[in-house]
Amino acid sequence: MTTQPPLVGLAAALASQPPTRTVFAQFSLVEKVAFVTGGGRGIGLEVAAAFAEAGAIVYCLGPSKQPHNDFVTVQEFVARMPPLAENVKNGKMEYISGDVTDQKQMWKIAEDIVAREGRLDICFANAGILAGADCLEYSAEDFTKIINVNVNGVLYTAQAAGRQMEKLGIPGSIILNASMAGSICIRNQKWVAYTTSKSAIIQMARSMACELGSKGIRVNSVSPGYIYTKMTKAFLDSHPDLMEEWCLQNPLGRLGRTDESRGVCLWLASDASTFCTGSDIIVDGGHRAW
Ligand SMILES: NC(=O)c1ccc[n+]([C@@H]2O[C@H](COP(=O)([O-])OP(=O)(O)OC[C@H]3O[C@@H](n4cnc5c(N)ncnc54)[C@H](OP(=O)(O)O)[C@@H]3O)[C@@H](O)[C@H]2O)c1
């Protein structure tokens, strides 16, 4: 028997229900289980912590055997959060070592999460790498390396989660981390492999959304603009003038912070976005408005 969701908004008012605030509860991830790749640092770690803060048990995957120090610090920070509410379990974060380019391993990891937690509701396929080279000289090896992590790895992650959601009949949410570089090119950068990979992610989300919609599973992509992380710092450190140039490329006149991915990912992961699928959500400080 399926339980009907509680009435909210107009429906609650027009059914003469006692007035209660439901809008924040729609963003709650209490009793949900999430899987985040590239969750050991940067945007992935930030979003994983937000999911845990909202009540989810979050499994964060990274390629190293042991998590980065940042992960351990954030994990402890989340563990010390005050209780969400009386008799409500707080969220938490766990680390898993794995490589997104290994399809069998990714499928098994999602199976193991379900064996442990009994469910999997949310997937943030976020792991990605960045490198550049002349488009006419890009070696097959270097091009394949980017595509393998950024495209194949995202597919294997989404498959791993989607297979479990389908098996358990969970109307889950799969979020693929693309980039504004999936729809536009980054001025003066030789990023043909990266832009190609991110473009593929946007179309992968649409395609999977169309196939999985009838099962109630939603798939969307997020396209951040320039966000200050280890990935972008590497470029900025080696090109001192680039920071100002990049800041001037959007109307807000600055790079984004990782915490500015929290809201959009929580919205997509939660019941606040139940009619959103097959979309690419742009969070770029207005970069493309110019
Ligand atoms: N920063 C930006 O401006 C920006 C803008 C748009 C989109 N994005 C996208 O956002 C995502 C996260 O980027 P970020 O800036 O947070 O970069 P980041 O700090 O370099 O994080 C990338 C994460 O992916 C992990 N990873 C790399 N290869 C992996 C593999 N084979 N298996 C498992 N994990 C792997 C890394 O692990 P290690 O730490 O162990 O290497 C790292 O934790 C990427 O997909 C990126 O393309 C970033």
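**Close-up views of a predicted model**

Of the 290 residues in this protein, 45% count as buried. The model is predicted.

**Figure 1. Overall fold of the protein, with nine helices and seven strands.** The radius of gyration is 19 Å, close to the 19 Å from the globule rule for 290 residues, so the protein is as compact as a globular protein of that length. Along the principal axes, the C-alpha atoms fill a box of roughly 65 × 40 × 40 Å. Take contacts between residues at least 6 apart in sequence: 75% of them join residues at least 24 apart.

**Figure 2. Surface and charge of the protein.** The accessible surface comes to about 15,300 Å². Carbon and sulfur atoms account for 55% of that surface. There are 26 positive and 28 negative side chains. The centres of these two sets lie 4 Å apart.

**Figure 3. Phenylalanine 27 in the loop between helix H1 (9-14) and strand S1 (33-37).** Phenylalanine 27 has a relative accessible area of 29%. That value falls between the 20% and 50% cut-offs, so phenylalanine 27 is partly exposed. Leaving aside residues up to four places away in sequence, phenylalanine 27 touches Ala54, Leu266, Trp267, Ser270 and Ala272. Aspartate 271 lies 244 residues away along the chain, yet its C-alpha atom is separated from that of phenylalanine 27 by 6.1 Å.

**Figure 4. Helix H6 (residues 192-212) and its packing partners.** H6 has 21 residues. From first C-alpha to last, H6 reaches 30 Å, close to the 30 Å expected at 1.5 Å a residue. Its buried residues include Ile201, Ile202, Met204, Ala205, Met208, Ala209 and Leu212. Tyr194 and Lys198 are also among the buried residues of H6. An α-helix has 3.6 residues a turn, so residues three or four places apart point the same way. The buried residues of H6 pack against two helices, H5 (140-168) and H7 (230-238). They also pack against strands S5 (173-177), S6 (218-224) and S7 (280-283).

**Figure 5. Asparagine 87 and asparagine 188, each with a positive phi.** Most residues other than glycine have a negative phi. Phi of asparagine 87 is near 60 degrees. Asparagine 87 sits in the loop between helix H3 (69-79) and strand S3 (92-97). Its relative accessibility is 80%, so asparagine 87 counts as exposed. For asparagine 188, phi is about 65 degrees. This residue is in the loop between S5 and H6. At 61% relative accessibility, asparagine 188 counts as exposed.

Definitions and conventions
Residues numbered from 1 in each chain as written. Predicted model: local features only at pLDDT ≥ 70, side-chain atom pairs only at ≥ 80, totals over all residues. Heavy atoms only, no water. Helix = DSSP H or I, 4+ residues; strand = E, 2+ residues; numbered from the N terminus. Rg over C-alpha atoms; globule rule 2.2 N^0.38 Å. Buried < 20%, exposed > 50% of the residue type's maximum accessible area, 1.4 Å probe, protein only. Contact = heavy atoms within 4.5 Å. Areas by Shrake-Rupley, 256 points an atom, 1.4 Å probe, with all protein chains shown as cover. Lys, Arg positive; Asp, Glu negative; His and termini not counted. Charge placed at Lys NZ, Arg CZ, Asp CG, Glu CD. Expected span 1.5 Å × (residues − 1).
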